[in-house]
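Subject: Structure handover

Hello,

Here is the structure I promised to pass on.

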Amino acid sequence: MSLTVNFGYALSKKLAGHGISNEMLKPALERTAKALDHIRTERGANKLPYLDLPEDGKTKAACKELADKYDGYENFLLSGIGGSSLGPLAIFNALGHPLHNMLSGAKRKNHPRFFALDNVDPVQVDALFNFCKPEKTVYNIISKSGATAETASASLIIFDLLKKRMGNDWKKNIVCTTDPTSGDLRKLCNDEKLQTLPLHSGVGGRFSVLTPVGLFPSYCLGFDVDAMLAGAAEMRERCLDSDVQKNPAAQMAALLYLFDSTQHKKMHVMMAYANGLYGMADWFRQLWAESLGKELDNEGRVVNVGPTPLKALGATDQHSQVQLYIEGPYDKVFLFLECKKFGKRVKLPELYDNVSSLNYLGGQTMNKLIAAEFAATREALAQRGRPSITITFPEIDAHAVGEFFMLWEMTTSLAGALYRINPYDQPGVELGKQLTYGLMGRAGFEDKAKGIKV
Ligand code: PA5
């Protein structure tokens, strides 16, 4: 069973002039087909290694071997940010029990609790380090560059804590995931002889979920890594199909590009109708924003392009956002995530036959209710001229999760070509980083922060 993508509600036939017509789609798909050829060439020249991660058995085995060492540990504390945390968080959200961290060890099948230190909020940092006993916690420090201030600061605490609490054994519970050859963290790992996993050189942070960034935590948590990689590989083949009518990434990239650039629909709202898929929307938000939001095009011209990805949760946000979606500006396209078969079936008891707001629900299921809420919202939006695309998960499992990651990574590569920008860099975040370094007194950056007060 594979993910399906329904583009019907994005096309003008259904949307009284607000969708994309076949005449508009045709030239965009022709450009997408050329971009696909380019992707194939780049892949052949080994310039897009993210596409071949599903076949990297060596790295997979290294992750598994290391994860086995931590069998029975109580906690997994990931320290990373952006592309170094959002993927593992999305996987945990999708595949973990909703109350995983509150379950007893036995109920967790002796897999560790999972925590992500992805901010420098002092209260969160303090709480996590106090809760996790160093002897029973695996600390996974993830940083591709090995220089990110947020992750570097947490790693100082980890090193200090473990040196104090575990003496000569202080390195035992630390695993660093970083670039195989470059960066300060790699150097430090080499000098200190810390355990490491490689974050492939040619794979950027937000494309790295299928590297040890996502695989090592997945093994530690008992998720089906083989199924996730198989799902990604299958989706890659679907998204390499030169018949663009059948290719979900080509259709997705062309439609979303057209909505933004010709229909003023710059808000791309991913609305998950399953709590377990909300983390996917978070992961998508970073991928779409950081990859496509660019000042310069490939020729160096100022273009300031990029759609704004947003996230929402159905049915919850029907009571928060949908009024705006239905009656507000015509500036949005919706990306629904639907789950066909939930892991549980919850029946509604038949009580209070004489209360009309209760009696029609009795005897039905919560599963039917969430499906009805989704169908109703999509239809209501369509009837008011609001386009949407639906990605249907047959169920939320590792295979579908892998498919989803690859679908959006390839859609992002193709969208980058349509916008004529480089989707793999992030020059815009550099200035803020440099000012932070200056404000924190890092040598060489003092001038940057002159005149700014903390
Ligand atoms: O996608 C990206 O490249 C970024 O979001 C990075 O993942 C993020 O800035 C963290 O960088 P690093 O892994 O180098 O610490």
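Below is what turned up, going from the core to the sheet and then to the salt bridges.

Please keep in mind that this is a predicted model, where local features need pLDDT of at least 70, side-chain atom pairs count only at pLDDT 80 or more, and totals for chains, interfaces and linings use all residues. Residues are numbered from 1 along each chain as its sequence is written, and side-chain values use heavy atoms, with hydrogens and water left out.

The largest nonpolar core has 98 residues. By nonpolar core I mean buried Ala, Val, Leu, Ile, Met, Phe, Trp, Tyr and Cys residues joined through side-chain atoms within 4.5 Å; buried is under 20% relative accessible area, exposed over 50%, and partly exposed in between (1.4 Å probe, protein chains only). Helix H15 (residues 398-419) supplies the largest share of this core, 13 residues. Helices are DSSP runs of H or I with at least four residues, strands are runs of E with at least two, and both are numbered from the N terminus. Phe216 is among the residues with the most contacts inside the core. Leaving aside neighbours within four places in sequence, Phe216 is in contact (heavy atoms within 4.5 Å) with residues including Tyr70, Phe76, Asn140 and Val175.

The open sheet has five strands in the order S3-S2-S4-S5-S6, with parallel pairing; two strands pair if DSSP finds at least two bridges between them. S4 (residues 137-143) and S5 (residues 174-178) are joined by five bridges. Strands S3 (113-117) and S6 (195-198) stand at the edges with a single partner strand each, so one side of each has no neighbour in the sheet.

As for charges, the whole structure has 26 salt bridges, meaning a side-chain nitrogen of Lys or Arg within 4 Å of a carboxyl oxygen of Asp or Glu. In one of them, Lys64 and Asp68 meet at 3.0 Å, N to O; both lie in helix H3 (residues 57-69), four residues apart, about one turn of the helix. Asp160 and Lys164 form another, with the closest N and O atoms 2.8 Å apart. Lys164 counts as exposed because its relative accessibility is 64%, while Asp160, at 39%, counts as partly exposed. Finally, a network of salt bridges links Arg43, Asp52, Glu55, Arg236 and Glu237.

Best wishes
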